[in-house]
Amino acid sequence: MTSTLSVFTDSPARHLVCRGCGTQFPLAAQHACYECFGPLEVGYDAAALARVTREQIEAGPQNIWRYAPLLPVGTDPASRVTLDPGLTPLVKADLLAKELGITGSLWVKDDSANPTHSFKDRVVSVALTAAKALGFTRYSCASTGNLANSVAAHAARAGVPSTVFIPGDLEPGKVVMSAVYGGNVVAIDGSYDDVNRLCSELTETDEFEDTAFVNVNVRPFYAEGSKTLGYEVAEQLGWRIPAQVVIPMASGELLTKVDKAFSELVEIGLVPASEWKVYGAQSAGCNPIAVALHNDTDEIVPVKPTGIAKSLNIGDPAAGVYALESVRRTGGWMEYVDDDEIRAGIELLARTTGVFAETAGGVTTAVLKKLVETGKLDPSKETVVFNTGDGLKTLDAVAGSVGPTHRVKPSLKSVREAGLLS
């Protein structure tokens, strides 16, 4: 695949840099450092970023590409492989705040409004735009569900073949939503971590040489797409950073990139300097990052995931140590909640905001509640909670606890007897 700077000539990106040892590499399809095997991320020209203005962003398209001057790819609209996600609602959650005893402003960043109904459309648009520039002709991923939905949909619109790999026990809604776009959907008899290991092996084969695995060989570009959530929140709040954010964690990368987005906005002068705290949310069935924080260690012990929050079920989280760093540096915290709390969180969020979240959103809402109850989160400060996916994808989670509240005959008398006219 192409590995020169020429395909990124209009980009502020300048190189890939190891998050461990700092070694720099060309912008290419590479995700691990050749020196220490640490993960790579995109490094930028600080002067190019500093030239970006609020007015330039506000004049851009009504999607993530308004932030193209801050991203590694996508400056030229013709270069994009995209469903044009982004600018999703920032919902004022006054009733939820009142129920939880939060006196400061509370917001829900609802990314279920993206084209395939999860935040993954952001990362996939950026990753596949990079993949196109690098010469890849097939698209793929290892996924817990939402990512497979997004890769399959992007490939369908672009007219590019796709093959997505998923755990065999994935929620039916997510399987259907991947398969309907017409690409290959490969169910693996194993966990997400098994799927991810297989995909890492496939990237090294001749048969998959022309295939971009969005969260493997083009992962540094993929991860940058998550920053647009942080950019949007700041812009939607009138170009300021909220005091507290609560973010679900699977690999831990979303949390680190929202934190990075806030830091970049301050560094280049697009928002006033301020302090913020980052809070991570996990399921009790897959909580290795939170447990490491609670144990005051950097050692993240892999786990075998269980529980209903399957989109967060990454037992060996690649960015876990960096999520720990973000949370510790900002003075935040991490919590985890069990399946019953997750279901209650889904219902609480829906009942007070009209936002129907998938299980990951139930995790985040339930963790918010726990953070307030334990005094870890300041209820007087402005807080943003991230909902990353649509509840229609995980209906089974609450199907047993919600349904018709009354059953009547088709007559006025029956309606009256049910007490619905009182």
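Visitor: In this predicted model, is Phe165 buried or exposed, and which of these is Phe213?
Guide: The model is predicted, not experimental. Buried here stands for a relative accessible area under 20%. Phe165 falls in that class and Phe213 does too, so for both residues the answer is buried.

Visitor: How many aromatic pairs are there in the whole structure, and how is the one between Phe165 and Phe213 classed?
Guide: The search of the whole structure gives five aromatic pairs. In the pair of Phe165 and Phe213, the ring centres are 6.2 Å apart and the planes make 20°. Planes under 30 degrees apart count as stacked, so the class of this pair is stacked.

Visitor: How many residues apart in the chain are Phe165 and Phe213?
Guide: Phe165 belongs to strand 7, residues 162-167, and Phe213 to strand 9, residues 211-213. The pair links distant parts of the chain, and the separation is 48 residues.

Visitor: Why is the pair of Phe208 and Phe213 classed as it is?
Guide: The two ring centres lie 5.7 Å apart, and the planes stand at 50°. Stacked needs under 30 degrees and edge-to-face needs over 60. The angle of 50° therefore makes the pair of Phe208 and Phe213 tilted.

Visitor: Which residues do the ring pairs link into a cluster?
Guide: Phe213 pairs with Phe165, and Phe208 pairs with Phe213. Phe208 is buried, as is Phe213. The cluster linked by ring pairs consists of Phe165, Phe208 and Phe213.

Visitor: What is the strand order of the open sheet of four strands, and which strands stand at its edges?
Guide: The pairing in this sheet is parallel, and the order is 8-7-6-9. Strands at the edges have a single partner strand each, so one side is left without a neighbour in the sheet. Those strands are strand 8 and strand 9.

Visitor: In strand 9, which residue is the bridge partner of Tyr139?
Guide: Strand 6 and strand 9 pair over three bridges in the parallel sense. The bridge partner of Tyr139 in strand 9 is Ala212.

Visitor: Which residues of helix 7 are buried, and at what angle does helix 7 run to strand 7?
Guide: Helix 7, residues 192-202, has as its buried residues Tyr192, Asp193, Val195, Cys199 and Leu202. Their cover includes strand 6, strand 7, strand 8 and strand 9. Helix 7 lies across these four strands, and its angle to strand 7 is about 145°.

Visitor: Which strands stand at the edges of the open sheet of six strands?
Guide: The order in this sheet is 4-5-13-10-11-12, with mixed pairing. A strand with a single partner is left without a neighbour on one side, so the ends of the order are the edges. They are strand 4 (90-92) and strand 12 (333-337).

Visitor: In strand 12, which residue is the bridge partner of Tyr279?
Guide: Strand 11, residues 277-283, pairs with strand 12 over five bridges in the parallel sense. The bridge partner of Tyr279 in strand 12 is Trp333.

Visitor: Which strands does helix 10 touch, and at what angle does helix 13 run to strand 12?
Guide: Helix 10 (residues 253-267) packs on the sheet and touches strand 10, strand 11 and strand 13. Helix 13 (residues 339-353) lies across strand 4, strand 5, strand 11 and strand 12. The angle of helix 13 to strand 12 is about 105°.

Visitor: What is phi of Asp84, and what is phi of His117?
Guide: Most residues other than glycine have a negative phi. Asp84 lies in the loop between helix 2 and strand 4, and His117 in the loop between strand 5 and helix 4. Asp84 is partly exposed at 38% relative accessible area, and His117 is partly exposed at 32%. Phi is positive in each: near 55° for Asp84 and near 70° for His117.

Visitor: What radius of gyration does the protein chain have?
Guide: The chain has 16 helices and 13 strands, and 57% of its residues are buried. A compact globule of 422 residues would have a radius of gyration near 22 Å. The value for the protein chain agrees with that: 21 Å.

Conventions:
Residues numbered from 1 in each chain as written. Predicted model: local features only at pLDDT ≥ 70, side-chain atom pairs only at ≥ 80, totals over all residues. Heavy atoms only, no water. Pairing = 2+ DSSP bridges. Helix = DSSP H or I, 4+ residues; strand = E, 2+ residues; numbered from the N terminus. Contact = heavy atoms within 4.5 Å. Axes fitted to C-alpha atoms, helices over the stretch in contact; angles between N-to-C directions. Rg over C-alpha atoms; globule rule 2.2 N^0.38 Å. Buried < 20%, exposed > 50% of the residue type's maximum accessible area, 1.4 Å probe, protein only. Phe/Tyr/Trp six-rings, centres within 6.5 Å; stacked < 30°, edge-to-face > 60°.
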